[in-house]
Amino acid sequence: MNLWGVNRYCNSDDNDNSSIIIWINFISFRNHFKHIRQTTAVKMAAVLPLLIIVLLSKVTGHEVDNSSKFPLVVSTWPFLEAVRAGWTAINGGLSSVDAVVEGCSACELLRCDGTVGPGGSPDENSESTIDALIMNGATMEVGAVAAMRYVKDGIKAARLVMLYTEHTMLAGDQASAFAISMGLPGPSNLSSTESMEKWTKWRENQCQPNFRKNVLPTNSCGPYHLKRDSNVGDQCLVDGFCENIRMKSSHVDVHNHDTISMAIFDKSGHIAVGTSTNGASFKIPGRVGDGPIAGSSAYADDEVGACGATGDGDIMMRFLPCYQVVESMRLGMAPRRAAKDAISRIAKKYPTFVGAVFAVDKNGTHAGACYGWTFQYSVRSPSMDDVEVFTVYP
């Protein structure tokens, strides 16, 4: 039908039929317009509720589908009480940074697997020290402490570094002094009956295994000195020598090194990550692992997602696996593929290394990858009644 027929026929030379034609076309036009109005009204009635929901979601600061995904807590290992503490904090309205502190602090207090908090992983001198990190994925601020002595609250000390200094990391006795000056309890003896018994047995076993190389003696406790006939700097020129280095067995396994690495998304999708560990058992005094290294043990960016890692930190920190995971997701990789890619890069160079990562994108999709052991990570989301543990096989 031509809706402009009225005008066309009004200009016609056929004056006798013009009134009838004009009236018929007017009726048709009116009925068609009425149909359009009714159809539009039906469509608007269906669309209007959706528009209201979208507008309300914008006002409250998050997208509609985030309500079913966030808040979200993800952590290495089945540290259930730590994840519950983080969930309670973030679901109760604390920031993602403060919720990470609550979660990791719970693990420090519980001395999760003897490798988090005080009283575990003695070094060669029997002393326990603390490494910890916290990172704000919205601002990219980082606070960390490394080889911290005499202060048991590693994650709280890391937060103090982030909030009250322009630095990223403090280490050793100076980190301890700073933490105590800012109100944390100390100095305290971080050893425990269990850690001292573990150290005593290690000494009775001629200090084996240990982290020394290219030194004498090789099968007993020190003092150690250099091998006089070793030209360490040139030994990689010898055929097969570098391959032997890569094939050397790792001293790290699930029984002596379980870093907690935790990522928490708040209801708006803002992310924080944190780690805490007392390091590898029988490490050389002064050793710093991957725990306080941003990009190695953990990394977060609100625009992309987050990652947490655990395992042989001395190897993993050379590859910054969590930075790799987040940047791979930024380029479009799914979390599972990004996690596997980061782990495979390490395994290619060190076939006997032991380690794992979890990856979470900004939409809350999570996955894990591991090498040399079976890995588990824990998750709590709004769709879960309690913490759920996911198992990843090498």
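In this predicted model, Ser-126 is buried, with a relative accessible area of 12%. The residue sits in the loop between α4 (96-110) and β2 (130-136), and its phi is positive, near 85 degrees, although Ser-126 is not a glycine. Most residues other than glycine have a negative phi, and most peptide bonds are trans. Gln-206 likewise has a positive phi in a residue other than glycine, here near 60 degrees. Gln-206 belongs to the loop between α7 and β5 and is partly exposed, at 40% relative accessible area.

The loop between α7 (193-204) and β5 (215-216) also holds Pro-209, which is joined to Gln-208 by a cis peptide bond with omega of about -5 degrees. A cis bond is found from Gly-222 to Pro-223 as well, with omega near 10 degrees; Pro-223 lies in the loop between β5 and β6 (225-226).

After α6 comes Gly-183, with a positive phi near 110 degrees.

Turning to the aromatic residues, the model contains 10 aromatic pairs. Phe-70 and Phe-265 form a stacked pair, since their ring centres are 5.2 Å apart and their planes meet at 5 degrees. This pair links distant parts of the chain, 195 residues apart: Phe-70 is in the loop between α2 (18-60) and β1 (72-76), while Phe-265 is in strand β7 (residues 260-265). Both Phe-70 and Phe-265 are buried.

Phe-319 and Tyr-350 make an edge-to-face pair, with 6.2 Å from centre to centre and 90 degrees between the planes. Phe-319 comes from the loop between α9 (313-316) and α10 (321-330), and Tyr-350 from the loop between α11 (335-349) and β11 (355-361), so the pair ties together parts that are 31 residues apart in sequence. The burial cut-off of 20% relative accessible area falls between the two partners: Tyr-350, at 19%, is buried, whereas Phe-319, at 24%, counts as partly exposed. Elsewhere, one aromatic cluster is formed by Trp-77, Phe-358, Trp-373, Phe-375, Tyr-377 and Phe-390.

An open sheet is built from 4 antiparallel strands in the order β9-β10-β11-β12. Because β9 (298-301) and β12 (366-371) each have a single partner strand, they stand at the edges, and one side of each is left without a neighbour in the sheet. On average, neighbouring strands are turned by 10 degrees against each other, direction ignored. Strands of a sheet pair through backbone hydrogen bonds, either parallel or antiparallel. Between the antiparallel strands β11 and β12 there are 6 bridges; Phe-358, also part of the aromatic cluster, has Gly-368 in β12 as its bridge partner.

Two helices pack on this sheet. α10 touches β9, β10 (305-311) and β11, and its direction makes about 150 degrees with that of β10. α11 touches β11 and β12, its direction making about 20 degrees with that of β12.

Terms used:
Residues numbered from 1 in each chain as written. Predicted model: local features only at pLDDT ≥ 70, side-chain atom pairs only at ≥ 80, totals over all residues. Heavy atoms only, no water. Phe/Tyr/Trp six-rings, centres within 6.5 Å; stacked < 30°, edge-to-face > 60°. Buried < 20%, exposed > 50% of the residue type's maximum accessible area, 1.4 Å probe, protein only. Pairing = 2+ DSSP bridges. Axes fitted to C-alpha atoms, helices over the stretch in contact; angles between N-to-C directions. Contact = heavy atoms within 4.5 Å.
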